Amino acid sequence: MKETPSSTIKTDFWQRLSRNRMLLTLLSVLLFLLIWQVLVLALNLPGFILPSPAEVGRKFLDVLRTGLLWRHFSATLGEILLGLLFGVSAATLLGYALSKSPLAERLLSPFLVGSQSIPMAAIAPLLVIWFGPGLLSKVLICSLTVFFPVLVNTLVGLRDVPPELREVMESLRASPAQTLRYLEIPAALPVFLGGLRVGASLSVIGAIVGELVASDRGLGFLINVGRGQYDTALVFVAVICLVILAASLYGFVLLLENRVLSWQTWRKEV
Amino acid sequence: MTLSPGEIALEVNDLEVSFVDSDGSLEVLDKISFSIEKNAFVCIVGPSGGGKSTLLRAVAGLIQPTGGKILFPGVAEDKAQTGLVFQKPNLLPWRTLRDNISLPLEIDQRPEAEISVLTQEMIRLVGLEGFEKAYPHELSGGMAQRVAIARCLVQDPEILLLDEPFGQLDALTRERMGDELLRIWNERRKTVLMVTHSISEAIFLADRVLVLTCRPARLIMDLPIELPRPRTDAMRYLPEFTEAARLLHAQLKDTTAPACQL
């Protein structure tokens, strides 16, 4: 008899907690940091092997204050955005062209499939040799990483436009440009954005690989510097910034998808 | 009907259509000739897989005929000659009901104000006021097909082509849509050419019923329906109605007999 009220309160507490997702996420992060800190203290690990969260936090504020972090963060961000711009434009244009010409698609598809299986890390040194250690080689590596997922998804999206809807456009005497605007773009958009979401996260990897090979700025460069100076806290700061960067890009495309594809809400409801 | 001297809206002369694929050539339409007077309602019946849809698509300009001519006498060149309604509504799922109906006007690059007025008028005509902002997946089959009809009519085409438009609806909705179609046709007189596989639907709706054979399709019957308008449900039990049904049924049974693949 005595236990009943306390157990209801308990389940009540857990139920409320499991419903509050924000709080739950915050708790799990705090718990993680706590374990990390305790581990470092208990094992008495030196800072260059595993810096404590407090050390990483101090380092973060430090490089933030001197402007060092922003300089390298913005360099990497610039490479990624330029790479996305070129890669996505080229992939979309080629994807549209290939969707209109089955012959060209058949001729090119072995190369497209083959080139997609080349690990970017393996050809990044080549691009640095050909295009120098500056901005250009990084932008190219980023472009190439986003190029294939976006190209393939553009192609699939356009090819899967229902033929009966094409017939509707034809019966309404729509020009090719109008068919593109009123039918093909909206119909292919969900698949295209799926490709962009994958490509955007991959482009972060592309930029870092390029910077690790050869560079004088960027978060990848910062990681190299940190490693060289046994400043492991600096490496951690750079890695955390990369995670934030990749997650924001992913989130941004996700936001775009939800916005543009609001008519698809029924899919989630079902 | 054939005696009354009306203006001709559509003239089909010796129309031939064949499709060529790896297995050779498939003859679908064999020298089909007929003409339709302005504002007449004509139905085409025939065995399934025959060539009814092909005939309609050729008239709509979606298929290039192999031989023969399709003429629209007395229709201005710059005007929409035909509008096609498909068996499925084929609405754009990302557009609201209103925006699906306004699509042909947007393609035609009409001014915004005109689009708005004409679209609203169409929504009223097909009785879908209040559903302007609904998306196609929120509509019932009958409602979606009304939107498709409105999308077709909004271009104000000279000839309305309907390809088994009620084929996917249940029997009751189908009859209601037939009444609805006659009401719309009454309100804005149009030349209608409609494919159906229902004999009673054809008789109930049409001034004339054309019968096609199976592939290669030939025109074997052109039956005038002498029922007065407006048509009512009671007419379904008139001797004229039953007689027409008997004639069409006999003719169709003949054509579907031995040579047809079902």
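Visitor: Which residue of β7(B) stands opposite I159(B)?

Guide: In this predicted model, the residue opposite I159(B) is T191(B), which belongs to β7(B). Residues are numbered from 1 along each chain as its sequence is written, while chains are lettered from A and ligands numbered from 1 in the order in which they are written. Because the model is predicted, local features need pLDDT of at least 70 and side-chain atom pairs count only at pLDDT 80 or more, whereas totals for chains, interfaces and linings use all residues.

Visitor: What makes β6(B) and β7(B) a pair of strands?

Guide: Strands here are DSSP runs of E with at least two residues, just as helices are runs of H or I with at least four, and both are numbered from the N terminus. Two strands pair if DSSP finds at least two bridges between them. β6(B) and β7(B), residues 191-195, are joined by five bridges and run in the parallel sense, so they meet that requirement. On the other hand, β6(B) also pairs in the parallel sense with β5(B), residues 82-85, over four bridges, and there T82(B) stands opposite I159(B).

Visitor: Why is β6(B) called largely enclosed by the rest of the structure?

Guide: A residue counts as buried if 20 or more other C-beta atoms, placed from the backbone, lie within 10 Å of its own, as exposed if there are 12 or fewer, and as partly exposed in between. Five of the five residues of β6(B), residues 159-163, are buried, so the strand is largely enclosed. In a regular strand the side chains alternate between the two faces of the sheet. For β6(B) both faces are covered, with I159(B), L161(B) and D163(B) on one side and L160(B) and L162(B) on the other.

Visitor: How do you know that β7(B) is mostly covered?

Guide: Five of the five residues of β7(B) are buried. T191(B), L193(B) and V195(B) point one way, V192(B) and M194(B) point the other way, and all of them are buried.

Visitor: What makes β5 and β9 of chain B the edges of their sheet?

Guide: The sheet is open, with six strands in the order β5-β6-β7-β3-β8-β9 of chain B and mixed pairing. β5 and β9 (219-224) each have a single partner strand, so one side of each is left without a neighbour in the sheet. From one strand to the next, the twist averages 15 degrees. Further inside that order, β3(B) runs parallel to β7(B) over four bridges, and C43(B) has M194(B) as its bridge partner in β7(B). β3(B), residues 41-45, also pairs with β8(B), residues 208-212, in the parallel sense over four bridges, where V45(B) stands opposite V211(B).

Visitor: Why is α7(A) called roughly antiparallel to α9(A)?

Guide: Axes are lines fitted to C-alpha atoms, for helices over the stretch in contact, and angles run from 0 to 180 degrees between N-to-C directions. Helix α7(A), residues 135-159, and helix α9(A), residues 176-213, pack at an angle of about 160 degrees with their axes 7 Å apart. That angle makes α7(A) roughly antiparallel to α9(A), given that angles under 35 degrees count as roughly parallel, over 145 as roughly antiparallel, 65 to 115 as roughly perpendicular and the rest as oblique.

Visitor: What makes α2(B) oblique to α3(B)?

Guide: The axes of α2(B) and α3(B), residues 112-125, cross at roughly 130 degrees and come within 9 Å, and that angle makes α2(B) oblique to α3(B). The crossing is right-handed, a word used if the near helix is turned clockwise from the far one by less than a right angle, with left-handed for anticlockwise.

Visitor: Which residues of α2(B) and α3(B) meet?

Guide: R98(B), I101(B), S102(B), L105(B) and E106(B) of α2(B) meet I115(B), L118(B), T119(B), M122(B) and I123(B) of α3(B), where contact requires C-beta atoms, placed from the backbone, to lie within 7 Å.

Terms used. Contact = placed C-beta atoms within 7 Å.
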